[in-house]
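Work through the exercises below with the sequence and the model open. Each task is followed by a solution in steps.

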Amino acid sequence: YFERVYPYTPVLDSVSFVRRYTAGTYSTFICQCTLTSVAPYMSSSLLAESGYPDRYTAQRSFFAKAQLLYDLGGEQSQLVLLQGSLILTSSYFSFGLDKDCRYWLNNAVRLATQLGLHRKQMARQLDMETQKLFTRIFWVMFNKDVLMAISGRNNVRGLNDRHCDVLELEVEDCTEEDEAHTQDSGAEYPCTLSPVQVLYLIHNTKLSHI
């Protein structure tokens, strides 16, 4: 997930996520969302080991579980629901007419505006790491909102630019504490973004303003 999907949708605090996963205290909803988005990249051996005949079946299974957890209120955190919704927009699948990537993007916009992520004064009340996370979440959502509109997947945009005054995405917003990651997460693979991936996000954000 952190190699294939996260660089283009960095809406998680990777250090916290891996730490919680290692400790067994992770969100089941987020877990199913990440599995849904990364299923197309599963190796044949992993598919066989997991009991799935193909990637489509695996993705459909993970998505059904994520949707069920959402519909039944299995996740209470609004932030986690927002993160999961944005992760589900990373997969252009359609297992039903009512819960495609457009639904999850619109849901993310609704949750983000309720949380105030579109207003810069919200960030002033948060610690630095949370500020960076919220800034990434907003601009990932903004980029997806524009992309959905210009590609014809959405007829109208969900975000109104006049009501958004979040500061521009900076390099510092895309970095996390490597030392904390190394000491606490016990992750086998690094979760940090490469300089090229960071520049991609920043310039993609600038293009979305045009």
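**Exercise 1.** The charged end of which residue sits over the ring of Phe 142?

*Solution.* Start with the setting: this is a predicted model, in which local features need pLDDT of at least 70 and side-chain atom pairs count only at pLDDT 80 or more, while totals for chains, interfaces and linings use all residues. Residues are numbered from 1 along each chain as its sequence is written, and side-chain values use heavy atoms, leaving out hydrogens and water.

Step 1. Apply the rule: a charge sits over a ring if NZ of Lys or CZ of Arg is within 6 Å of the ring centre and within 35 degrees of the ring normal.
Step 2. The residue is Arg 157, whose charged end is 4.9 Å from the centre of the Phe 142 ring.

**Exercise 2.** Classify the ring pair of Phe 138 and Phe 142.

*Solution.* Step 1. Rings of Phe, Tyr and Trp (its six-membered ring) pair if their centres lie within 6.5 Å; planes under 30 degrees apart count as stacked, over 60 as edge-to-face and the rest as tilted.
Step 1. A search of the whole structure gives 14 aromatic pairs. Tyr 52 and Phe 62 form an edge-to-face pair, with 5.5 Å between centres and 70° between planes.
Step 2. For Phe 138 and Phe 142 the centres are 6.0 Å apart and the planes 40° apart, so the pair is tilted.
Step 3. These two residues are four apart in helix α8, and therefore about one helical turn separates them. Helices are DSSP runs (H or I, at least four residues), numbered from the N terminus.

**Exercise 3.** Is Ser 208 buried or exposed, and which residues does Ser 208 touch?

*Solution.* Step 1. Buried means under 20% relative accessible area, exposed over 50%, partly exposed in between (1.4 Å probe, protein chains only).
Step 1. Ser 208 has a relative accessible area of 12%, so this residue is buried.
Step 2. Contact means heavy atoms within 4.5 Å. Leaving aside residues up to four places away in sequence, Ser 208 touches Phe 142, Asn 143 and Val 146.
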